[in-house]
Amino acid sequence: MPASNQKRIGKRPVKKQVSTTDTLHDTWAVMKPFVHFSVKAMKVLAHALIFVVKNIPKPEEHKPASKSNKVIKI
């Protein structure tokens, strides 16, 4: 004879205990797309910053080229 499964009014069903590993796994599953997007965005920003810094003209490049390097004494 099968066990009877009676539900009573006002009684809540017993909740299953959730382990920490299940919680972390579910959290990672939800956050994984955001983490991947943020890593890719940081790579793009880093490459852009490196490109800008490399293409800033150096101070010694701005010196006007003198016509002659001779010193004139008066």
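Modeller: The chain has 1 helix and 0 strands; helices here are DSSP runs of H or I with at least four residues, strands runs of E with at least two, numbered from the N terminus. This is a predicted model, where local features need pLDDT of at least 70, side-chain atom pairs count only at pLDDT 80 or more, and totals for chains, interfaces and linings use all residues. Residues are numbered from 1 along each chain as its sequence is written, and side-chain values use heavy atoms, without hydrogens and water.

Now to helix α1 itself, residues 20–54. Its 35 residues should span 51 Å at 1.5 Å a residue, and the 47 Å between its end C-alpha atoms agrees with that; the expected span is 1.5 Å times one less than the number of residues. At M31, α1 bends by about 45°, with a proline, P33, following within four residues. That bend is the angle between axes fitted to the seven residues ending there and the seven starting there.

As for cover, the count of buried residues in α1 is 0, and across the 74 residues of the chain 0% count as buried (buried means under 20% relative accessible area, exposed over 50%, partly exposed in between, with a 1.4 Å probe and protein chains only). W28 lies in α1 and, at 44% relative accessibility, counts as partly exposed.
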